[in-house]
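Hi,

Here is the structure I promised to pass on. Have a look at it first, and then read on for what I found in it.

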Amino acid sequence: MIRDEIIALTAQALAAAQAVGDLPQFATPEITTEHPARPEHGDFSANLPLRIQGLARMKAIAVAEALQRHVPPHPAVDRVIVAPPGFLNFYLAPGWAAAQTDVIVGEGDRFAALDIGAGKRVQIEYVSANPTGPIHVGNGRGAAIGSALANVMRTAGYEVEQEYYVNDAGTQVAIFGRTLYARYEQLFGREVAIPENGYPGEYVVDVARAVKDRDGDRYLRAPGEEPDPDLGRVGLALMLDGIRSDLEHVGVHYDRWYSERSLMEDGGPYAEVMALLARQGQVARREGAVWFTSTDLGESKDNVLIRSDGQPTYYAMDIAYHYDKFIRRRFDRVIDIWGADHQGHVSRVKAAVTAVGGDADALDVLLYQLVTLRRGDVIVPLSKRAGEIVTLRDVVDEVGVDATRFFFLLAGANQTMDFDLELAKKQSDENPVYYVQYAHARIAGVLKRAIEEGHSAEGADVSLLTHEAEQTLLRKLLLLPEVVEKVVLELAPHHLTHYAQELASAFHAFYTQCRVIQADEPALTKARLRLLAATRIVLARTLALMGISAPDAMYSEARERA
RNA sequence: GCCCUCGUAGCUCAGGGGAUAGAGUACCGGCCUCCGAAGCCGGUUGCGCAGGUUCGAAUCCUGCCGGGGGCACCA
């Protein structure tokens with residue numbers, strides 16, 4: 001990408017200046033550039049002179065001037081200017097920027113594809129919500145982040161596998177089974193209460209009804225008897241179908257649904273990893289339980305692996321799961337995306353990964369802050385155990401898939417986020433996603449009209465793209481590779497939404513100022529059609545990375561009403 | 001009490017060592033004989049507080065204040 005070429009030019013200038021003695025010799029620090037906030041400061045700015053003024057024992061301005069003399073010529077660079085207090089500012093050549101439209105159109109869907117990943121296998125596990133309840137709003141945030149990150153990392157050259165860890169074992173599942181059985185019994189007229197710590201949600205009744213409609217009373221036992229464990233499994237499978245369908249509905253697809261229960265199977269990771277830890281002397285039996293002696297690894301405390309009732313803890317299962325990720329399946333990188341309420345779990349899992357022979361540095365745990373859900377001024381509890389449950393499906397039905405995903409990607413994962421359902425509903429027509437999609441629809445509209453009127457970009461002379469609005473738009477197009485890189489390096493897909501808005505804004509400004517189709521300006525028309533084609537590709541790419549559609553026409557409820 | 005995280009415009013959020021801190025929304029005022037006005041242009045408002053490091057701090061460090069999360073033989 002062009003930014004790397006600017007960096008290379010700066011490095012070459014430094015080496016050349018040192019070679020002829022304009023600058024003294026010293027170890028070269030890492031060279032970076034940034035995009036100046038003000039356009040008059042150029043397209044790229046290097047602060048190298050400021051950073052090495054001490055090493056060079058010269059004033060930053062003098063260093064900058066020395067570097068400036070040695071920057072090799074480059075077709076992309078129009079000029080290099082020294083600016084106080086010691087910046088080296090690069091200005092792109094307008095003709096070169098315009099010519100990039102040909103590159104973009106030529107690369108098409110491959111534009112902004114990078115090779116940071118170098119084919120490394122990365123596993124991204126996200127959502128992984130308990131199948132004891134429907135997918136709710138908080139899970140939706142994890143879904144949007146994980147899915148977008150997977151898209152971007154694939155574009156950046158990683159081989160990505162997306163996975164959902166299904167918690168189909170353990171205490172909560174057992175409680176769900178008992179709740180379901182109580183609901184099931186109720187459907188047959190028995191006056192039983194759901195368990196005290198059970199799941200009060202109506203969806204459990206729906207599941208019970210679905211089972212009854214399909215299988216009748218085959219899971220019914222004599223009053224007072226323990227529930228049939230098969231009922232729990234059947235119920236869980238139905239819940240999972242719902243979860244899968246809710247996620248598919250918002251465009252989230254997994255390569256694999258990994259069953260927690262399967263960890264326990266014969267020859268499975270659980271037995272193997274427990275034996276490994278025992279062999280390494282990292283377990284201890286105390287107070288009837290089996291502990292992982294993680295304090296030896298720098299953890300603040302030991303943790304229970306097997307409870308005194310013989311049941312493995314969630315932590316033990318998670319160790320087995322990560323053993324499977326790192327040792328058995330040998331992923332080069334593993335990214336877990338969790339709600340911030342799992343924050344305390346991070347260092348424990350990393351310690352365990354190290355203990356079982358994995359590389360803890362290859363594990364990134366991306367925590368997203370919980371979503372505060374509101375209806376106006378009223379806080380809606382997200383907990384599945386509380387009365388009102390607002391599902392992801394509810395939100396999507398109200399504001400649409402595209403707006404939901406865009407909204408979740410608007411804030412950085414570390415930022416707590418407000419999701420006001422009333423506002424989201426009210427603003428559905430003004431959501432920023434429509435601003436971005438509208439840009440795409442406008443382009444599609446013009447291109448369609450151009451074809452109808454017999455125009456094409458064939459043989460376009462893009463050097464005619466000299467208007468300020470055209471040049472601004474061109475520069476935005478060239479930014480996508482940098483955005484992709486930033487998202488990957490920071491594991492921060494929210495940069496996509498902000499870029500998308502900037503790009504759309506640059507396009508709308510261009511559209512207003514520069515008429516594309518002009519019968520009496522055939523050459524300019526061709527050039528602008530080429531610019532439109534390139535813009536459309538970049539915009540569609542950006543939307544696709546976010547998992548948002550790029551419509552050729554906007555659905556127009558507002559216009560139909562008008 | 002200890003650990004993590006966040007305090008940026010009225011509101012929702014970017015920016016996370018650079019040059020005059022941005023966007024959306026809200027509010028005010030302009031712009032359709034012309035490719036879609038779900039658009040464009042202009043105006044108003046801000047880095048929680050106090051020290052420190054640096055040529056330069058919204059950004060890094062320390063303390064304080066405030067919000068959220070965590071510190072189970074829960075997941």
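Let me start with a pair of helices. The axes of helix H12 (residues 392–399) and helix H13 cross at roughly 115° and come within 7 Å. That makes the two roughly perpendicular, because angles of 65 to 115 degrees count that way. On the H12 side, the contact is made by Leu 392, Val 395, Val 396 and Val 399, and on the H13 side by Val 401, Ala 403, Thr 404 and Phe 408. Sorted by class, the residues of this contact are 7 nonpolar and 1 polar, with no charged ones. Before you go further, do keep in mind that this is a predicted model.

H13 turns up again around helix H15 (residues 432–452). H15 has 21 residues and spans 31 Å from its first C-alpha to its last, close to the 30 Å expected at 1.5 Å a residue. Its buried residues are Val 433, Val 436, Gln 437, Ala 439, His 440, Ala 441, Ile 443, Ala 444, Val 446, Leu 447 and Ala 450. What covers them? The cover includes H13 (401–408), helix H18 (494–513) and helix H19 (522–546). As background, an α-helix has 3.6 residues a turn, so residues three or four places apart point the same way. Just after H15, Gly 454 takes a positive phi of about 80°.

Now the sheet. It is an open one of 5 strands, paired in parallel, in the order S7-S6-S5-S11-S12. The edges are strand S7 (256–259) and strand S12 (363–368), each of which pairs on one side only. On average, neighbouring strands here are turned by 25° against each other, direction ignored. Helix H5 (residues 137–155) packs on this sheet and touches strand S5 (121–125), S6, strand S11 (333–339) and S12, with its direction at about 140° to that of S12. Helix H10 (residues 314–328) lies across S5, S6, S7, S11 and S12, and runs at about 145° to S11.

A few details on the pairing, if you want to click through it:

- Strand S6 (residues 159–166) is joined to S7 by 4 bridges, with the two running parallel. Tyr 165 has Tyr 258 in S7 as its bridge partner.
- S5 and S6 are also parallel, over 5 bridges. There, Val 122 stands opposite Val 160 in S6.
- S5 is mostly covered, with 4 of its 5 residues buried.

Elsewhere, strand S3 (residues 77–83) and strand S4 (residues 87–92) run antiparallel and are joined by 6 bridges. Val 77 has Leu 92 in S4 as its bridge partner. This hairpin has 3 residues between the strands, and Gly 86 takes a positive phi near 155° in it. Pro 85 also lies in the loop between S3 and S4. A cis peptide bond joins Pro 84 and Pro 85, with omega at about 5°.

A further helix pair is helix H6 (residues 171–187) and helix H8 (residues 229–249), whose axes come within 9 Å and cross at roughly 100°. H6 and H8 are therefore roughly perpendicular to each other. Val 173, Phe 176, Gly 177, Leu 180, Tyr 181 and Tyr 184 in H6 meet Leu 231, Gly 232, Gly 235, Leu 236 and Met 239 in H8. By class, that contact has 8 nonpolar residues, 3 polar ones and no charged ones.

H6 also holds Thr 179. Is Thr 179 buried or exposed? At 0% relative accessibility, Thr 179 counts as buried. Leaving aside neighbours within four places in sequence, Thr 179 is in contact with Ile 194, Pro 195, Gly 198, Tyr 199 and Val 204. Thr 354, in helix H11 (residues 346–355), counts as partly exposed at 45% relative accessibility. Thr 354 and Leu 297 are 57 residues apart in sequence and 8.8 Å apart in space, C-alpha to C-alpha.

Ala 118 is not a glycine, yet has a positive phi of about 50°. Ala 118 lies in the loop between helix H4 (94–107) and S5, and is exposed, with a relative accessible area of 53%. Glu 287 has a positive phi of about 50° although it is not a glycine. The place of Glu 287 is the loop between strand S8 (283–286) and strand S9 (289–292), and at 70% relative accessibility Glu 287 counts as exposed.

Cheers

Methods. Residues are numbered from 1 along each chain as its sequence is written. Chains are lettered from A and ligands numbered from 1 in the order in which they are written. This is a predicted model: local features need pLDDT of at least 70, side-chain atom pairs count only at pLDDT 80 or more; totals for chains, interfaces and linings use all residues. Side-chain values use heavy atoms; hydrogens and water are left out. Two strands pair if DSSP finds at least two bridges between them. Axes are lines fitted to C-alpha atoms, for helices over the stretch in contact, and angles run from 0 to 180 degrees between N-to-C directions. Contact means heavy atoms within 4.5 Å. Angles under 35 degrees count as roughly parallel, over 145 as roughly antiparallel, 65 to 115 as roughly perpendicular and the rest as oblique. Ala, Val, Leu, Ile, Met, Phe, Trp, Tyr, Cys and Pro count as nonpolar, Asp, Glu, Lys and Arg as charged, and the others, Gly among them, as polar. The expected span of a helix is 1.5 Å times one less than its number of residues. Buried means under 20% relative accessible area, exposed over 50%, partly exposed in between (1.4 Å probe, protein chains only).
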